[in-house]
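Please look over the structure shown here before reading the report. The notes are meant to be read beside it.

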Amino acid sequence: MEDEQKNRRNFLKFGFLAAGLTAAGVALNKVASGDEGAEEKVKVLTADGRLAEVAKSKVESSESLSAASKHVRQGIPGRKFIMVIDLTRCKNARKCLEGCQKMHNFLPPVEWLKVKEMQDSELSGKYWFPQLCYQCDNPPCCKVCPVGATFKRSDGIVGIDNERCIGCKFCMAACPYSSRSFNYGNPKQVEYSKNHPLKSCHTMDPNMVGTVSKCDFCPDFGSKGILPACVRSCPNGVIFYGDENEDVVSNGEQVLRLKDLLVNNGGYRQFEVFGTKPRVYYLPPVNRLFPFKPDPVEHNQEE
Amino acid sequence: MKNETTAVDSVLMNKYEAMHDELLRPIQKTGLAGKIWIGFLFCVFFAGVFAFYTQETKSKYETISLNNYTMWGIYISNFVFFVALSLVGALMSAVLKLTNFEWYRPLSRIAEVIAVAAIMFAGVGIIVAMGHPERLYFLLTHGRLQSPIIWDIVVIITYFVATSLFLFIPLIPGISQLSNHLKDKPKWQMWMYKKLSLSWRGTPEQWKIVKRCITILAILIIPLGISIHTVTAWLFASTLRAEWNSTNFGAYFIAGAFLLGVAAVIVGTFFFRKYYRFEKYLTDSYFDKMGKMLVFLSGVYFYFNINEYLVPAFKMDSMHSQYLLDEFTGKDAILFWLVFLFGIFVPAILPLFKSMLKPWPLTVIAILVVIAAWFKRYIIVIPGLSHPYLPIQNVPHSWTHYVPSLIECMVVAGIFAAALLFITLFSKFFPIISVWEVAEGDGVSLEKINLLSKKA
Amino acid sequence: MNFNNTAQNKFIKSLIAAILFLLIPFVYGYSQDSTEKKKPLLSITYYNVNSDSFFVKVSSGYKDEKFFPIEYQNVKLYLNEADKNNFLGDVMTDPKGEGIIHLPQKFKGMIDSLSTFDLVAETDADVKYKAAIGSTTIENAFLDVQIRIVDTTKMIRVYVYKKGAKVKSPIKGVEMSFFVKRMVGLFPLSDKTISTDSAGMAEMEYAITDMPGDSLGAILVGAKIADADTYGNIFSMKETFWGAKTFNNYESVRALWAPADRVPVWLIVLALGIIITVWGTILFIIYQVYRIFRLGQQEIKREANL
């Protein structure tokens with residue numbers, strides 16, 4: 001009963017709307033305070049070649065959105081995160097995975113989110129296929145983990161406790177979608193991680209060498225109405241994200257009923273035959289917005 | 001009549017006394033070749049330790065050549081190989097003993113020591129594959145009963161304890177002999193013999209207990225051995241990957257393990273016979289029998305291979321076809337067919353010729369079988385991993401295939417050296433043939449056997 | 001001969017590469033000098049949520065045939081004029097050139113009496129960009145959402161009034177849209193907008209029957225001004241119990257994928273059965289080994305006594 005009241009109080013908070021409405025980038029700012037002179041400054045080289053000196057808190061998110069490790073196994077009460085990927089809209093812009101890498105401090109060639117060129121049979125057309133961790137409801141990875149380092153949360157997310165992971169990689173062998181990455185300690189990555197502390201949305205610490213990491217659906221952002229980086233970065237609105245319990249998903253521009261979207265567009269899950277029950281649905285690549293253009297280059301060639 | 005039996009008895013007794021004395025020889029003295037061999041094994045072992053240290057202190061990104069697709073490499077395939085090898089204990093001593101194949105007697109200890117060494121270093125082999133070996137104890141503190149890894153750990157530990165007991169208990173009468181007969185040995189060694197002999201006096205009750213324990217263990221070790229390798233097979237079969245998604249896997253692994261076990265015992269017997277000059281006791285006839293066993297087990301293994309490959313190949317569903325075709329005719333074909341040739345066809349056909357059942361040719365065949373068996377595990381574990389259900393795209397070239405790095409090879413070599421070192425050192429401290437079991441097999445009474453150990 | 005040819009080719013190629021490489025700084029330097037400093041274009045979007053929280057989205061970029069966002073630019077925001085006393089906040093722009101400034105609580109008091117106000121954004125000059133200033137004028141309006149049920153029809157009604165006026169003055173002809181608030185955004189009740197009448201009123205039926213709410217069926221419904229250029233984005237919401245009652249009690253189940261303390265019962269029984277049997281036997285054997293030792297000790301004593 002007490003819990004219910006608490007949930008209702010959270011529910012009635014209007015303030016989070018702000019974040020949900022606009023594509024908030026890395027710079028989520030606090031209310032301005034007068035005494036910023038004392039703050040630590042860092043120099044950043046911008047894309048257009050300026051050397052900007054900015055307060056450290058402005059570069060990284062200044063608001064701590066979650067105390068990740070404390071509730072990492074619990075899940076966000078009342079939520080059931082879900083994703084719908086509309087294959088009719090994908091044109092291999094690869095912005096989703098770049099956004100993901102940036103958000104989670106990852107350097108290529110590690111991709112938590114991949115865009116693959118697919119063709120189901122010879123006569124049918126090729127299409128682009130964004131693929132991430134499906135947060136399965138019957139997760140093969142969680143079944144095999146010997147120490148409970150990967151687990152299913154109440155909000156549907158398959159999380160990883162990097163402090164617990166012994167690095168046996170059984171979960172990677174068990175995942176039929178190859179969604180998981182192992183941190184072998186790429187020196188470039190280790191150096192980069194040192195200089196780029198984690199942003200606050202993480203449910204896991206993917207920078208820990210010798211452990212497994214993967215897409216975590218950014219639940220701490222999601223529950224506050226901020227769409228995950230991949231959704232925000234996509235120029236074509238391919239990825240819809242939402243709460244199954246609320247029956248509504250959004251790609252940042254459109255806000256749609258989940259059931260209608262799946263029922264009317266033939267939504268399906270990849271390899272349904274495995275019985276893994278993914279929480280990511282696909283809309284088949286029919287009547288596509290963009291004609292399929294083969295990618296002239298292979299990405300991620302550098303080790 | 002009574003005189004006759006005494007005469008036979010005394011002939012036998014003389015034989016066992018001589019055998020007993022000869023068995024002490026390798027323990028009493030280590031020749032130059034033995035010293036070089038032991039030194040060599042130590043060098044390889046320390047190189048392996050150094051390689052492991054390098055792997056743990058430097059970035060694994062550079063020291064090992066695994067990636068996000070091929071996440072299990074030769075550490076895991078080598079682990080499977082060692083687990084398979086450990087099954088020999090269950091086969092040679094337990095199965096043959098319970099089915100009254102008396103010729104197991106002089107070979108049982110060789111088989112047991114190979115089994116103990118293999119299961120010990122199988123455990124080590126899985127630790128080196130871990131991302132965080134220092135978190136090994138999490139398996140105890142946070143273990144999930146649902147995970148096949150936990151099952152495997154439990155079975156490995158159980159099997160290790162059971163096999164060690166199976167090695168140790170028949171050794172107790174032998175140890176008491178050692179402490180009476182060895183000369184000029186360091187104090188600690190004699191002290192160790194004294195402690196390990198457990199005040200063995202050869203009383204009828206003591207003999208009764210030893211025999212009962214051996215029978216119970218022989219029965220227990222068979223299901224344990226089968227479980228250990230079946231669960232190891234389940235580490236693969238419990239995933240959804242096409243190449244491992246097989247109900248045949250447990251039996252298929254066990255059939256392969258039995259074949260490997262016999263081959264390993266042939267190799268072990270050959271070298272002990274040659275370098276400890278045990279030709280009198282490990283006669284050609286044992287090779288003849290083991291050669292025939294090799295043929296039989298190759299046939300069984302062939303049968304399971306047919307099940308494993310022909311059935312999915314007949315259907316050629318798209319989940320299986322990608323890796324099957326690569327193995328049959330594609331980039332893994334050469335290794336695949338070589339393993340088939342030397343791992344199954346050679347041991348199935350060549351020992352059918354009488355001349356091949358002699359120690360030398362049979363040992364060559366057995367060595368080929370052992371090598372093929374190692375690569376067989378490699379083929380089971382690795383090529384499948386590079387054929388996931390969703391295509392591998394946009395990755396560095398090195399992520400699309402796997403070639404073990406130098407560090408990985410050194411660690412594996414180190415593990416091999418350690419196992420061989422264990423076996424060699426064991427044979428330098430304890431008799432590698434169980435005299436009383438052989439004597440008992442020939443019908444010598446226990447009282448007479450007791451006399452052997454008492455004679456100074 | 002062949003070898004010579006390739007060697008020659010290689011040499012010439014590397015020579016050309018070297019020359020080109022040496023030229024780079026000149027080319028680059030020249031182009032650097034010739035570029036004029038760009039003038040950023042600043043745009044300001046105003047948000048008012050339930051007259052309770054206020055924030056502004058600023059974005060910065062420049063136009064050079066295409067629009068280019070400027071990242072890492074400090075944008076300051078003022079009320080009415082760029083003056084220290086009117087400072088509302090500042091933000092560093094993100095890679096999209098955007099940033100959000102949450103307005104301080106005092107802002108509510110500052111605008112309460114104004115019928116219109118200006119939001120002024122300002123950036124300083126730096127090595128690449130000139131100083132820039134941008135502003136937008138907001139007609140200060142406020143929304144009053146009422147929910148009611150006529151017969152069995154659920155209706156959402158909204159009144160739009162001018163703020164800062166002495167008497168209540170409704171605004172006519174503002175396009176309103178209606179929505180249900182969800183985690184990831186506002187779910188529109190209809191694609192169409194409804195224009196306010198002379199009483200400043202617009203109304204829409206809430207026809208959805210199965211929108212999930214909480215355990216009591218509570219959902220937030222509301223209206224917003226779609227005409228953002230004039231009034232900014234103003235939202236107002238009310239709680240209703242029109243949603244479908246849903247119970248999302250998560251129950252932790254015993255399953256193969258569950259945590260260590262949720263092992264299926266059959267597995268516990270099976271595993272414990274096997275472990276107890278096998279280890280029982282092993283412990284029995286170890287006890288027997290101990291008995292061998294004890295029997296030996298007794299025998300030694302007996303021999304000594306003889």
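## Basis of the model

This is a predicted model, in which local features need pLDDT of at least 70 and side-chain atom pairs count only at pLDDT 80 or more, while totals for chains, interfaces and linings use all residues. Residues are numbered from 1 along each chain as its sequence is written, chains are lettered from A and ligands numbered from 1 in the order in which they are written, and side-chain values use heavy atoms, with hydrogens and water left out.

## Chain C

Chain C contains 4 helices and 16 strands, taken as DSSP runs (H or I of at least four residues for helices, E of at least two for strands) and numbered from the N terminus. Of its 306 residues, 42% are buried, that is, under 20% relative accessible area with a 1.4 Å probe, protein chains only.

## Helices of chain B

In chain B, helix H9 (residues 171–181) is mostly covered, with 9 of its 11 residues buried; among them are B:Leu171, B:Ile175 and B:His181.

Helix H4 (residues 74–86) of chain B packs against helix H16 (residues 359–385) of chain B at an angle of about 130°, their axes lying 8 Å apart. The residues of H4(B) that meet H16(B) include B:Ile74, B:Val80 and B:Phe81, and those on the side of H16(B) include B:Trp374, B:Arg377 and B:Tyr378, where contact means heavy atoms within 4.5 Å.

Definitions and conventions. Buried < 20%, exposed > 50% of the residue type's maximum accessible area, 1.4 Å probe, protein only. Axes fitted to C-alpha atoms, helices over the stretch in contact; angles between N-to-C directions.
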